[in-house]
Amino acid sequence: MNLTPIWGSLVILLICPLIGGLPLIDWMTYAITGRQLSKLGTGNISVSAAFYHGGKLAGILAVLSEAAKGIIAVLLVRAFFPNGSVWEIIAIVALVAGRYWLGKSAGTTNAVWGIITHDLLAAGLIFLISLVSFTVIRDRQMGKFGALILLAIIIGLQHPQEPEYAIAAAILGGLLAWIYTQIPDDLDLAATAGQTDTQSLFRFFQGDKNIVTLDSKLNANKVGNKAANLSLLKRLGYDVPQGWVLAPGEDFQPLVEYLQPSVAEPLIVRSSAVGEDSLTASAAGQYLSIANVTNSMALKQAILECQSSYFQSNAIEYRQNRSQKDLSLAILLQKQVKGEFSGVAFSRDPIDSFNDSVAIEALPGEANKVVSGKFTPQRYCVAIPDSLSQTEITISEADNNDSTIIIPRHLLESVALLAREMEDLFESVPQDIEWTYDGEKLWLLQVRPITNLQPVWTRRIAAEVIPGKIPPLTWSINQPLTCGVWGQLFTLVLGKKARDLDFNQTATLHFSSAYFNATLLGTIFRRMGLPSESLEFLTRGSKFSKPPLTSTIKNFPGLWRLLRLELSLIKDFDRDRQKTFAPILQELKAQTVGELSASEIVSRIETILEVLTKVTYYSILAPLSLALRRAILQVPETSLDNSKTPEVAAVHELADLATDIRKLLASEQITMDSSASLFAHIAENADGENILEQFNIWLDKYGYLSEAATDISIPRWQDKPSIPREMLAQYFFDREKSRQARASSDRSNSSWKTKIIQARVDLKGEVSEIYNRLLAYLRWSFLALGTYWQRSGAIEVTEDIFFLSFEEIKRIEIETDLEFKHQFSQQIAQRNARWQREKELTAVPYIVYGQPNSLSMPTLSALKARQQLTGIGTSTGQIEGTVKVVCNLRSGTNIDRQTIIVVPHTDAGWSPLLARAGGLISEVGGRLSHGAIVAREYNIPAVMDIPNATRLLKNGQRVRMNGQTGIVEILS
């Protein structure tokens, strides 16, 4: 047996990567200069790094050593295989891979000389065609990647009967292309570093005749956000000083010769690094900006100094601390505006995130005075009302020391409006702008996100999913469930594009209230190809537009996987219901939790949570599927039958029971008007026992419902029967409402489209019932454990357990030391006190910026009265009635058909109360929320998503509401 090919393949797969990874460049540079490349600049051991840090000699030796590696790899293969074998290309692939993974560099020189040694004719053709193409196109990126495509084509044409050559060459080209996307190539880094020798060496490949201006459409991934943002603004018509961009790898000489700065027309040279002025890193002060450049020599020097600042130790450390890759730095050159007044403005106050004013800092003179830190600017707060026709802009000074400096009021107003305009333009992300005023025009010099106000948190949607004030135990259950399942679905669609996303940050608590991470969700939506309004939809409720066809095609594999799940949703749910959900629910019902030991209760809780994870998947996908199908098939909500959903079925049966009671007591004179007196009268009646038994059956069937099912600290109806007793009494005394609650529209002539959507409505109801039942059993399990601990003295009262997280509960249960258990009592007291304090907040901000101090509390200014409020119309119809603010079910008395109830949120447990009202206004919610479903079922006009409605509207006010347009008019 000939072992030569085997030894040859081992040499290729083992020796070639090691040769590629040998740090020869590092050794030679250290021998010449005493400096280690691995500890300098980017840390890459590359040819460009050798030129920049070691000088011309080190750079030339680096080129020779890397060329030698490519030649040696091919010659090694020839010791085992015939000349020109495909194994030579494979050896180059192994060499380049080792060069990247061990040496952290691209390996372009290795590949070029390896291919020259392998096939000189093919290498010559690739070079010639690339040269001709580049002469016409003059774009380095296209030239570079075009050469890699040519490599596979020409090698393949050289061996038409041997496809393995084309495949190997394509793998080599694909590997190099991938490496180029991970790190800058040698030429870009050398040019960014300002290495003039390297620029001269590769000058032809710079595309030096292309002078890029801010009038061009620029890509932030190539020239940085600073230049790209100003380019966008200039093309939109904003006053941005004329500017030019020197991209990484370009020779600056043609641009210097073209601009010819002078004392009369000075320039400013600024950095625009890739990653600078981003959502997570401003890089303020890390790179140089050089003003008052008045001649060509000074311009050259300014460019070189600005490029070199990318490799200063402070800039490198800044990038490393923020886990940023070393990419590249473009140079932005602009005409310098001689400003009479200049400054910066923040669309939201970066210090006080609860202050809704625009913060402005300004001084007479040019802009660099304010940002230099050498002068104390004048500070102003500018309050901009929602509608300028309602209230004038108010301006207040913030502890200004020099009263002799007066910034014109009209200028401050213009700057404030411009700052807010920039926030609107950049998807509701708070912006920091740099500006100057020359006496005639207000010039925009820079726009970037305010990084410390990131991420942006929104109550929209979150307030409906997890409403109210949330204690630690509820959050420790809901947060991983919600974030985990959403993370799975987003990963399914995005695939590899989701690798750097932390889905655990999807939601958080501020002031004991749930918020969704609008910044993260906006990023996810954009990666899914959804329109740029995604963040505005989450923060301000703007409408979504349809995604472009190109983005749909780009994300087709992930969308197809999601579609397959959607198509099999009912079948999958039926399988899991039969095999898992129904047996677990039967087991939980049969089990008497009070008879279990503490460890057995914890085991029961873990079982419920395991099943809840599966049910949460359906609780998210079922409403999503329903919404998408209804939107596609254009089926009106009024044609759908929600009678099988728990919230509607509970109302129907309660209304039937009220009718039976009315028949039972028809011959008796009843003067009582409370549930207690009604039930007492029923008990005294000879046939009342049957009614009470029916009520208990109803309570056993729907006792898992509450005013906030997702919060396990909220009592269920079974825990507080007084709530459904009061509801039953209301139906008994209000005969008309009882009749209306039982009436349902005729849907017997449903179209095929309606039947398709109806199947999803029924599925959503079934999922909701299982989900809410499991949460109720979870609550009762924790209460049983709390009772056990209360008896043992570990906690003072049973409900204290809700102020511990589930992880803490498991730790306490495992620990046998009583002292360890008792140490949590102080923590429970502190959390309880804070929760009670935050519970008293009349309102919390609907948008929170950044990470507010956990000890701070929002001090919201008094809401201005408005004559018209706008939300989402979710149930058609118009009504004029009297407002009753209902913050919980206990306050939902004396409601009739002329009452328009205003609630903070709705859940399935609110259904009997909602069905008695004449109209519904909710602070949160949408067309698929429980309140909207009940309202449509009983033809009650409903408007959702009016922030702070419970504060803006007062008891006794007369309002007119339109459930189709979503408009609420305050009449008195």
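A residue is called buried when its relative accessible area is under 20%, exposed when that area is over 50%, and partly exposed in between. Keep in mind that this is a predicted model.

Q: Why is Glu 769 called partly exposed?
A: Its relative accessibility is 31%.

Q: What makes Glu 769 and Arg 773 a salt bridge?
A: A side-chain nitrogen of Lys or Arg has to lie within 4 Å of a carboxyl oxygen of Asp or Glu. For Arg 773 and Glu 769, the closest N and O atoms are 3.2 Å apart, and the pair forms a salt bridge. Both residues lie in helix α31, which covers residues 752-792, and they are 4 residues apart, about one turn of the helix.

Q: Is Arg 773 buried or exposed, and how do you know?
A: Arg 773 has a relative accessible area of 18%. Buried means under 20%, so Arg 773 is buried.

Q: How many salt bridges are there by this rule?
A: The count comes to 28 salt bridges. Some are linked in a network, made by Glu 880, Arg 958, Arg 960 and Glu 969.

Q: What makes Glu 88 and Arg 78 a linking pair?
A: Their side chains meet in a salt bridge, at 2.9 Å from N to O. Glu 88 sits in helix α5 and Arg 78 in helix α4, 10 residues apart, and the pair links distant parts of the chain.

Q: Why do Glu 88 and Arg 78 get their accessibility labels?
A: Glu 88 has a relative accessible area of 0%, so it is buried. Arg 78 has a relative accessible area of 26%, so it is partly exposed.

Q: Which helices does the salt bridge between Lys 810 and Glu 606 tie together?
A: The closest N and O atoms of Lys 810 and Glu 606 are 4.0 Å apart, and the two form a salt bridge. Lys 810 lies in helix α32 and Glu 606 in helix α25, so the pair ties together parts that are 204 residues apart in sequence. Lys 810, at 22% relative accessibility, counts as partly exposed, and Glu 606, at 37%, counts as partly exposed too.

Q: How do α25 and α32 run relative to each other, and how do you know?
A: The axes of α25 (residues 598-633) and α32 (residues 806-814) come within 11 Å and cross at roughly 150 degrees. Angles over 145 degrees count as roughly antiparallel, so α25 is roughly antiparallel to α32. The crossing is left-handed.

Q: What makes the nonpolar surface patch, and which helix gives the most to it?
A: The patch covers about 1,000 Å², and its residues include Ile 6, Trp 7, Leu 102 and Trp 178. Helix α1 (4-21) and helix α5 (86-103) each supply at least two residues, and α1 gives the most, with 7.

Q: Why does Leu 102 count as exposed?
A: Leu 102 is in helix α5. Its relative accessibility is 51%. Exposed means over 50%, so Leu 102 counts as exposed.

Q: Why are Ser 512 and Asp 945 placed in their accessibility class?
A: Ser 512 has a relative accessible area of 11%, so it is buried. Asp 945, at 12% relative accessibility, counts as buried as well.

Technical notes. Residues numbered from 1 in each chain as written. Predicted model: local features only at pLDDT ≥ 70, side-chain atom pairs only at ≥ 80, totals over all residues. Heavy atoms only, no water. Patch = residues over 30% accessible without salt bridge, like charges linked within 9 Å, V, L, I, M, F, W, Y side chains within 5 Å. Areas by Shrake-Rupley, 256 points an atom, 1.4 Å probe, with all protein chains shown as cover. Buried < 20%, exposed > 50% of the residue type's maximum accessible area, 1.4 Å probe, protein only. Axes fitted to C-alpha atoms, helices over the stretch in contact; angles between N-to-C directions. Parallel < 35°, antiparallel > 145°, perpendicular 65-115°, else oblique. Left-handed = near helix turned anticlockwise from the far one by under 90°.
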